[in-house]
Structure formats: C-alpha cells, structure tokens
Amino acid sequence: MSEASTQNPAQDAGQERELTDGFHLVIDALKLNGVETIYHVPGIPVTDLGRMAQAAGIRVISFRHEQNAGNAAAIAGYLTQKPGICLTVSAPGFLNGLTALANATTNCFPMILISGSSEREIVDLQQGDYEEMDQLAIAKPLCKAAFRVLHAADIGIAVARAIRAAVSGRPGGVYLDLPAKLFSQVMDAEKGAQSLVKVIDAAPAQIPAPSAIKRGLDVLASAKRPLVILGKGAAYAQVDETIRTFIEKSGVPFLQMSMAKGLLPDTHPQSAGAARSTVLKDADVVMLIGARLNWLLSHGKGKTWGDAPKKFIQIDIEPTEMDSNIEIVAPIVGDIGSCVSALLAGMGANWAKPPSDWMDTIMAKRDENIAKMAPRLMNNKSPMDFHGALGALRTVVKERPDMILINEGANTLDLARGIIDMYQPRKRLDVGTWGVMGIGMGYAVAAAIETGKPVLAVEGDSAFGFSGMEVETICRYNLPVCIVIFNNSGIYRGTDVNTNGSDPATTVFVRDSRYDKMMEAFGGVGVNATSPDELLRAVNAAIDSGKPTLINAVIDPAAGTESGRIGNLNPQSVVKKK
Ligand code: ADP
Ligand code: TPW
Ligand code: MG
C-alpha cells in the first residue's frame with residue numbers, strides 16, 4: 001500500500017475507493033466546461049486552488065490587484081463569449097474584484113467572480129472571523145446572478161448555473177461564493193465525477209418573431225434618411241459577416257459606437273463616423289443593433305438628435321431594453337445573429353437602397369470634416385499635442401489592423417476614439433458604459449493572452465495610474481504589450497494652480513515625470529518620446545520586438561480640455577464667494 005492510500009479512509013475500510021475534494025471538483029468542473037484561463041490574486045482560502053489549477057493545466061495569471069484581475073476576466077468574456085474567470089480571496093480581495101464584476105455586468109460582458117469566503121457559522125453570527133463578510137449579500141445587487149455552494153456535491157451544478165447565467169440572454173457578471181470549508185470537503189471520487197455538469201448550449205439562439213422582423217423592415221423601407229447604429233453588443237455577437245452583408249445590402253449609412261468601431265472598417269464607404277452630428281440630427285429612421293439609448297447616445301432625445309421626427313427600430317436580446325428611454329416603434333427581440341439573418345432573408349432581392357441625396361449629404365460632410373482634421377494630425381510639435389501624437393498612432397493602427405487597441409483617459413480617450421480608425425472587429429477596448437478609469441492594464445493582459453495578438457494601450461497619465469502596477473505582471477508573463485502614456489502631467493491638463501496655499505492643485509501630477517522608468521524596473525523596455533516621429537518609431541519597434549514596452553509620450557500640459565468631450569456632464573459652480 002502506498003503512503004497516500006493509508007490516509008484514505010475509504011481504502012482503509014477495504015473499499016478501495018478513491019476520494020476527491022472541493023479543490024479538485026472546482027477545477028474539474030471548470031475544465032469540463034472548457035475554462036482555459038483564470039485571472040487571480042492568491043491568498044487564504046484559494047492559494048492552493050490557484051496552484052492546483054495551474055498544475056492541472058489551466059493557465060493561471062496572477063495579478064497585483066484583484067480589480068485588474070477582474071477587468072481581465074471581464075474583457076476575456078467579451079472577446080471569447082465564454083465567461084472570464086476571476087478568482088479572489090475573501091472580503092477585501094472580493095471587494096476589489098467586485099468593481100470589475102459590476103463593470104462587466106453594466107457592459108454586458110460575461111464573467112464569473114469566484115471568491116473564497118469565511119465560515120458561514122461565524123459570519124452569520126458576526127463573531128469576527130478572519131476576513132469576515134457576507135459576500136453573497138453584497139454581490140447580489142451588483143451582478144446578474146449570485147450563488148453560494150455549501151456542499152462539495154453541489155459544485156458541479158453551481159458552476160453550470162454560473163456559466164449559463166453569465167452567457168445566456170444579456171450577458172453579465174456572476175458571483176460564485178465558495179466558503180473555505182468547502183475546499184477540503186471530501187467525497188467519493190466517482191460520485192464527484194458524476195456530479196459534474198457540462199453545460200450544453202450555454203447561450204441558446206433566441207429567434208425573433210417573424211411579425212417583429214416584418215415590422216422592422218416596413219419601418220426601415222419607409223425611411224428617406226435611415227441610419228444604423230452598431231453597438232458593442234453587435235461586436236460581441238461575432239456575426240461579423242452577417243452584419244456586413246446586411247449593411248451593404250441595405251445601403252444604409254452606419255455609425256459605430258466606441259467598442260463597435262472596426263466591426264466594419266471605419267473607412268467603409270457607408271461609414272458616417274466622421275459625420276456623426278449630421279446623421280444623428282437629420283436621420284428619420286434609426287436602427288439600433290446591440291447599442292443602448294443611454295447617456296452615450298444622449299438617451300435618444302434632445303439637441304443631439306435635432307428636431308426632425310424619428311422612428312427607432314431596436315435589435316436587442318433583452319426585451320426590457322425596449323422603450324427604456326424613448327418609444328421604440330419596431331422592437332426586435334432576439335440574438336443579433338438570428339435577427340440580422342431574418343432581416344436579410346426578409347429583404348428579398350429587390351430591396352430599394354435609401355435615396356442617394358441622403359448618402360451624398362453624409363459623404364460631403366464626412367469629407368469636409370476629414371479634410372479639416374488632416375493637417376492637425378500631421379503636426380510634429382514638441383512637446384506634442386494630442387493631435388500630433390494621435391496622428392502617429394493612427395498610422396501604426398492602419399498598418400497593423402489586427403493589433404488590439406486599449407484606450408482610457410479623458411482627452412486621451414475622446415480624441416483617440418475620433419482620430420484612430422479601426423479596421424477589424426473587437427480590436428478596440430475601452431472605458432465602456434461607465435467611462436471607468438482603471439481598465440487599462442487588466443484589459444491589456446487579457447487581450448494579449450486571449451488573442452495572442454500585439455496590444456497597444458493608449459493611456460492618459462491619470463488613467464494609467466489606476467492599474468499601473470500591473471506593468472510588473474506584463475513583464476512577468478512577457479506579454480507583447482506596448483503602453484503609451486499621454487503624459488500631460490494631470491487629469492485633463494497639467495496647468496491647474498491651487499488658489500489657496502502651497503499644496504499642488506487637485507488635478508495635477510508631478511511635472512516631467514518618467515513613467516518609462518517603471519517599465520525598466522521590471523526588465524521591460526522604457527522609452528521617452530518627445531515628438532510624433534519619436535513616438536511612431538518607438539511604437540513600431542515595440543510591436544516588432546514583442547517586448548513589454550512603456551513609452552512616456554510627453555504632451556503639452558496645456559493641450560487638453562476639462563472632461564475631454566463630455567464637459568457638458570460636468571457640473572461647475574457658478575457662485576462666486578465673496
Ligand atoms: P454601446 O455602449 O456600444 O452602445 P451597449 O453596451 O449600450 O453598447 O449595448 C449593448 C447591447 O447589446 C445590450 O443592450 C445587450 O443586451 C445587447 N446584446 C449583447 N449581446 C447580444 C446578442 N448576442 N444579441 C442581441 N443583443 C445583444
Ligand atoms: C474609477 C473620473 C474621468 S477621466 C479621468 C478621471 C480621473 C482621468 C483623466 O486624465 P487622464 O487623461 O487620464 O490623464 P487626459 O488625457 O484628459 O489628461 N475614477 C474612476 N473613473 C472615472 N471616470 C473617474 C475617476 C475621471
Ligand atoms: Mg492626463
């Protein structure tokens with residue numbers, strides 16, 4: 001008898017049966033369902049779970065802070081349509097991860113936050129356990145579904161429920177609470193194996209009603225000035241060819257929301273991206289595909305949308321999205337693949353494209369705006385302004401269209417979104433529905449791991465600070481990530497002055513700081529770039545080498561504007577105190 005088997009009560013009793021435990025069952029359940037990567041920060045009670053998962057062939061990426069691990073899991077979910085998995089320790093680790101879970105839910109990204117937790121008996125009596133917290137109760141309002149597992153025999157079904165909840169219908173974040181005691185619970189290995197569930201058809205097709213398709217097509221056909229708006233739900237759906245065929249057959253001009261950019265190339269002849277204000281004002285029929293009428297589209301009303309009466313058609317998997325802000329005259333509820341295929345089928349061979357004067361107006365406006373912008377993008381000022389620096393990056397992305405672009409900041413975000421054309425689907429990842437800072441390095445790590453493509457992260461200096469410590473993670477895993485920091489010494493600008501005392505103003509950072517040195521500290525490449533030419537050379541070198549690189553792009557501290565392009569949402573005091 002081996003040493004291990006003498007510790008096995010089942011075998012000691014002469015039954016020769018193998019045992020399993022909670023640790024193994026969690027790993028087996030994830031592997032059975034195709035989980036390949038876990039985004040993680042180790043500690044009690046999940047240290048061994050991370051180790052064992054790695055030993056079992058799951059790729060476990062250890063971060064420096066759970067929020068970044070959580071953001072990585074969330075964007076992995078968006079890129080793959082499989083729930084990204086984040087594994088955290090109890091209470092503080094859980095709370096750090098929770099921001100990312102809530103952000104994933106808000107953005108409709110499928111993700112599962114698995115967190116260890118303290119002993120139920122002690123938590124519920126509030127007796128002060130190590131890292132005590134009623135995590136399930138706290139997670140519930142911030143995610144799509146939340147489950148707790150008390151018995152090892154339920155692990156299989158719980159993981160199955162979590163996966164299904166994350167990816168079916170409108171995708172979102174799911175919380176799975178695993179108390180410490182669960183991991184060492186032992187059960188018969190064969191019964192354990194039988195308790196596992198391989199989820200079949202986790203995100204079933206949701207077929208739209210034929211009457212809804214007909215209504216949608218009737219409204220679209222009645223339009224004189226139609227517009228399609230593609231949102232990140234359309235990019236998530238991974239039905240790129242169907243969408244392209246529909247757009248081209250319909251002849252309707254389209255706008256792409258930030259993360260939908262590249263679903264069709266921004267340079268497509270029907271792209272109205274450079275004539276955004278005109279088309280939103282003047283369109284008479286607007287079809288939304290996987291885009292919500294939230295603040296990013298001014299709720300479908302007000303000045304942005306002009307006075308011309310409009311009819312809205314909306315395709316979404318979530319029925320309650322319809323009429324959320326304004327009346328939707330043609331709701332089409334279903335998954336985007338099924339809905340757009342049904343529209344295509346219903347259009348028949350003789351679909352009449354929209355009147356040519358509408359397209360001509362848009363093209364004229366588009367060409368005018370592009371021509372106006374062109375000289376600003378070619379300036380080679382030093383220190384750089386945003387346009388000069390972005391002109392350089394725009395060229396890089398054009399030449400390397402399969403690279404992933406990550407983008408956060410205020411001016412750095414808004415101007416990059418407008419200036420950098422995207423050419424392929426799901427290549428632009430940014431602050432999303434909340435406009436949240438801090439997604440940068442988590443998204444960069446997961447984008448590199450999940451796609452194997454080079455990653456360019458264009459970061460405001462403030463934005464970068466929220467996840468900057470993960471440059472060590474990027475170096476440790478030797479990921480092909482090039483970070484460009486738009487260093488204007490502050491939030492929006494680096495020029496604010498404190499009117500009362502010697503403390504620095506609230507929005508400014510250390511002048512002439514050198515973020516590139518952070519990267520060198522961990523063995524990566526650091527570059528200080530002071531002109532667009534230098535920036536262009538450094539980015540190309542970084543991507544050619546595949547080495548982790550951080551470029552400190554020196555931007556004029558006076559170049560930005562308050563809140564970037566959303567200054568209208570920024571309340572400002574008009575009261576002058578005497
Ligand atoms: P954006 O910010 O790009 O405008 P939103 O996040 O506001 O996009 O909207 C995405 C929408 O897409 C959500 O309402 C979500 O329910 C929907 N959605 C996500 N996946 C699908 C899918 N496969 N089929 C249909 N709708 C989807
Ligand atoms: C989690 C508020 C919006 S944009 C921004 C902050 C702090 C930083 C802007 O400065 P940056 O960009 O990145 O240097 P630039 O080019 O304009 O100088 N906390 C969270 N999310 C948000 N959105 C904020 C704060 C904010
Ligand atoms: Mg800044």
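Q: With which residues is Arg428 in contact, once its neighbours within four places in sequence are left aside?
A: Contact means heavy atoms within 4.5 Å, and, with those neighbours set aside, Arg428 is in contact with Ser258, Met259, Lys261, Leu405, Asn407, Leu413, Ala416, Arg417 and Met422. This is a predicted model, in which local features need pLDDT of at least 70 and side-chain atom pairs count only at pLDDT 80 or more, while totals for chains, interfaces and linings use all residues. Residues are numbered from 1 along each chain as its sequence is written, chains are lettered from A and ligands numbered from 1 in the order in which they are written, and side-chain values use heavy atoms, with hydrogens and water left out.

Q: What polar contacts join the side chain of Arg428 to Asn407 and to Asp430?
A: A polar contact is a pair of N or O atoms within 3.5 Å, where, within protein, one must be able to donate a hydrogen and the other to accept it, and residues adjacent in sequence count only if both atoms are side-chain atoms. The side chains of Arg428 and Asn407 are joined by such a contact at 3.1 Å, and those of Arg428 and Asp430 by one at 3.0 Å.

Q: Which atoms coordinate the magnesium ion (ligand 3)?
A: Donors are N, O and S atoms within 2.8 Å of the metal (3.2 Å for Na, K and Ca), and water is not among the atoms, so sites may look incomplete. Asp461 (OD), Asn488 (OD1) and Gly490 (O) coordinate the ion at 2.0 to 2.1 Å, and their spacing in sequence is D-x26-N-x1-G. Because Asp461 lies in helix 21 (residues 461-465) and Gly490 in the loop between strand 17 (481-487) and helix 23 (516-521), the pair ties together parts that are 29 residues apart in sequence.

Q: How many residues surround ligand 1, and which are the closest?
A: A residue is near a molecule if one of its heavy atoms lies within 4 Å of it; 18 residues surround ligand 1, and the closest are Arg170, Lys232, Arg292, Asp316 and Ile336. An oxygen atom of ligand 1 is 2.8 Å from a side-chain N or O atom of Arg170, and an oxygen atom of the ligand is also 2.8 Å from a side-chain N or O atom of Arg292.

Definitions and conventions: Helix = DSSP H or I, 4+ residues; strand = E, 2+ residues; numbered from the N terminus.
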